[in-house]
Amino acid sequence: MRYFLKLSYQGAAYHGWQIQPRDVSVQETIEKALAMVLRHDTPITGAGRTDAGVNATTMYAHFDTEQPIADVNSLMRSLNGILPQDIAIYKVIPVHDDAHARFDATSRTYHYLAHTGKSPLLRATSWQCNPKLDFELMNEAAKRLLNYEDFTSFSKLHTDVKTNNCHITEAHWQRCECIDTNVEQWVFTITADRFLRNMVRAIVGTLVDVGMHKITVEDFCRIIEKKDRCAAGTSMPAHALYLYNVTYPYLK
């Protein structure tokens with residue numbers, strides 16, 4: 001029997017999603033909790049591999065059991081009772097035996113949060129940006145992402161993927177409601193069928209260069225066309241990045 005977990009986590013305490021030899025990961029922490037409840041080792045496969053410090057508003061993972069789970073809500077409550085406060089399980093969903101949390105995902109959406117000015121309330125969850133950042137111009141550059149497929153310029157070097165092609169369907173900045181009324185907060189939303197390692201943070205770092213008028217929108221396009229990571233901007237801090245949503249054809 002195969003089941004999906006719908007979950008979220010704050011990534012500050014973890015060395016990313018994937019199990020590491022010497023560092024604590026989200027995957028390892030959940031697998032230990034599952035083993036305690038189900039009384040046997042239960043590997044899980046996630047929808048993606050978020051990097052160290054990156055958060056997930058919504059993440060999915062699948063696992064298998066030999067016997068059906070009689071009460072999925074009871075399992076959810078048991079897991080939440082064991083897991084630390086920075087990881088939460090929201091649903092345990094029975095799925096067909098071939099369902100795959102990674103390969104069946106049709107889209108993934110990330111958010112990157114930025115706020116204009118010093119804010120003690122936001123410092124752990126959002127990136128403090130220069131208040132003169134030109135978000136209108138950054139949006140002009142973000143629109144151009146939809147015209148390209150190869151994002152080698154925004155990929156971490158020496159990864160084991162077969163292609164650096166991604167189909168981006170949405171990319172824009174917009175002002176959002178903020179718990180700290182002393183500053184403005186903005187969110188960058190980007191949706192694609194897949195993402196390369198470090199891709200979103202590299203895109204945001206290069207868009208910030210546009211917003212600071214260090215490069216033009218045309219320069220931004222030329223950076224993409226160069227297919228050279230060294231040509232792009234810096235990788236932004238991880239704490240402000242969130243895997244916001246993952247979609248599947250068989251989940252509502």
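Which way, left-handed or right-handed, does H4 cross H5? The crossing is right-handed, meaning that the near helix is turned clockwise from the far one by less than a right angle. This is a predicted model, where local features need pLDDT of at least 70, side-chain atom pairs count only at pLDDT 80 or more, and totals for chains, interfaces and linings use all residues. Residues are numbered from 1 along each chain as its sequence is written, and side-chain values use heavy atoms, with hydrogens and water left out.

**Helices H4 and H5**
- H4 and H5 (residues 217–226) pack at about 155°, with axes 9 Å apart; axes are lines fitted to C-alpha atoms over the stretch in contact, and angles run from 0 to 180 degrees between N-to-C directions.
- That makes the pair roughly antiparallel (over 145 degrees).
- Thr-206, Leu-207 and Val-210 of H4 meet Val-217, Phe-220 and Ile-223 of H5; contact means heavy atoms within 4.5 Å.
- Helices here are DSSP runs (H or I, at least four residues), numbered from the N terminus.

**Arg-201**
- Arg-201 sits in H4, which spans residues 199–211.
- It's buried at 12% relative accessible area (buried means under 20%, with a 1.4 Å probe and protein chains only).
- Beyond neighbours within four places in sequence, Arg-201's contacts include Asp-51, Tyr-112 and Met-236.

**Cysteines**
- The disulfide count is zero, a disulfide being a pair of cysteine sulfur atoms within 2.5 Å.
- Cys-178 has its nearest cysteine sulfur, in Cys-176, 6.7 Å away.
- Cys-166 is buried at 3% relative accessibility, and Cys-178 is buried at 17%.

Terms used: Buried means under 20% relative accessible area, exposed over 50%, partly exposed in between (1.4 Å probe, protein chains only). Helices (H or I, at least four residues) and strands (E, at least two) are DSSP runs, numbered from the N terminus. Angles under 35 degrees count as roughly parallel, over 145 as roughly antiparallel, 65 to 115 as roughly perpendicular and the rest as oblique.
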